[in-house]
Every structure is written in C-alpha cells, then in structure tokens.
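Colleague: Please take me through this model feature by feature, giving the general idea and then the case at hand.

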Amino acid sequence: MNKIIAYTDGACSGNPGPGGWGVVLHATRDGKIVKEKDLSGGAAETTNNRMELTAALEALTTLSRPSSVRIVTDSTYVRDGITKWIHGWKRNGWKNAAKKPVKNADLWQALDAAAARHDVTWDWVKGHAGHPENERADELARAGMAPFKKR
C-alpha cells in the first residue's frame, strides 16, 4: 500500500519573532521510501505555534491528490488541536472553553479543510531527541526562518 509520511516542525526566534517551518515528505510503497522531498518556508513576524501549524498545512496542501498520510509532529499543540480540541471549537463557533476566540483559527480552519481531503493519522514524536526525520524537519524550519532573522 502506498502512504505518505510527513515529518513536520516549526521554529521561532523570539515568540513572536521571525519563524520558519519544515517538512520532510516520504512517499512509501510497501513500507519502503520511493520518493523523498523537503519543504521549508518562513515569516518575518510569527509564533512557534503558527509555524508548527503551517508545517502540517504545507505538508497536506503540497499533495496533488487525496492520499493516506501520516503526519509526525513534535507539537502536542498541533496533534491535540486537530484530533481533540477542534471538534469543540467548531461546535462553539471557533471559541475555546473560556468563550474566547481560538488562537490561530485561520490556520486551524485551513488545516481542517486540507486534512479532510486525505486519510490522515497524527503522531507525536519527542523533539530534539535524535529522531532523524524530526531533526531534519527542524533543520529545514531553521533554514526557512534564516532569511527573516535580523543579521
């Protein structure tokens, strides 16, 4: 069976501040990597959470056709937000439990729409713990941030 595995990460220098996101995409067939692609980008003034969300969003929107996708993130904010909290936010008109507007609602809504095109599973991996693809996604996120950092 073919499957896409996307390792995602976000980074920020200051929070808010210049930030970047990175994605390592693996297309697999029968459990073997048949194609690999790196993605990265950034923004001049953002937050770490926005970059984590953007990485997952970019991973899904770069795919040209509906796919079976495993997103691997080191962000519990992204994993828990998309698998647990989003259902209540949608039900409550994008308000959180405190009746305040959900932070990053624009990205959550875009991520929800992008995920709906695919069969997505969301996995968490501990960041900065030597996981090779997570470390690579972190490098890509820092590279995406670099053009926006003050020299």
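**Aromatic pairs, sheet and cores**

Modeller: Helices are DSSP runs of H or I with at least four residues, strands are runs of E with at least two, and both are numbered from the N terminus. The model is predicted, so local features need pLDDT of at least 70 and side-chain atom pairs count only at pLDDT 80 or more, while totals for chains, interfaces and linings use all residues. Residues are numbered from 1 along each chain as its sequence is written, and side-chain values use heavy atoms, with hydrogens and water left out.

Colleague: Does tryptophan 85 count as buried, exposed or partly exposed, and why?

Modeller: The classes follow relative accessible area: buried is under 20%, exposed is over 50%, and partly exposed lies in between (1.4 Å probe, protein chains only). Tryptophan 85 counts as partly exposed because its relative accessibility is 37%. Tryptophan 89, at 11%, is therefore buried.

Colleague: How many aromatic pairs does the structure hold?

Modeller: Rings of Phe, Tyr and Trp (its six-membered ring) pair if their centres lie within 6.5 Å; planes under 30 degrees apart are stacked, over 60 edge-to-face, and the rest tilted. The structure holds five such pairs. In one of them, tyrosine 77 and tryptophan 108 have ring centres 5.2 Å apart and planes at 65°, so the pair is edge-to-face. That pair joins distant parts of the chain, 31 residues apart: tyrosine 77 lies in helix 2 (residues 76-91) and tryptophan 108 in helix 3 (residues 105-116). Both of these residues, tyrosine 77 and tryptophan 108, are buried. Tryptophan 85 and tryptophan 89 make a tilted pair, with 6.0 Å centre to centre and 55° between the planes. One aromatic cluster is formed by Tyr77, Trp85, Trp89, Trp94 and Trp108.

Colleague: In what order do the five strands form the sheet?

Modeller: Strands of a sheet pair through backbone hydrogen bonds, either parallel or antiparallel. Here pairing requires at least two DSSP bridges between two strands. The five strands form an open sheet in the order 3-2-1-4-5, with mixed pairing. Its edge strands, strand 3 (32-46) and strand 5, each pair on one side only. From one strand to the next, the twist averages 20°, an angle taken from 0 to 180 degrees between N-to-C directions of axes fitted to C-alpha atoms, for helices over the stretch in contact.

Colleague: Which strands do bridges join to strand 4?

Modeller: Strand 1 (residues 2-12) runs parallel to strand 4 and is joined to it by five bridges, with isoleucine 5 partnered by arginine 70. Six bridges join strand 4 to strand 5 (residues 119-124), again in parallel; valine 69 pairs with valine 120, and threonine 73 with tryptophan 124. Strand 4 (residues 68-73) is mostly covered, five of its six residues being buried. Helix 2 lies across strand 4 and strand 5, at about 140° to strand 5.

Colleague: Which residues have the most contacts inside the largest nonpolar core?

Modeller: A nonpolar core is a set of buried Ala, Val, Leu, Ile, Met, Phe, Trp, Tyr and Cys residues joined through side-chain atoms within 4.5 Å. The largest has 31 residues, and Val23, Leu60, Ile71, Trp108, Leu111 and Trp122 have the most contacts inside it. Helix 1 gives the largest share of this core, seven residues. Apart from it lies another core of seven residues, including Ile5, Tyr7, Val24 and Leu140.

Conventions
Contact = heavy atoms within 4.5 Å.
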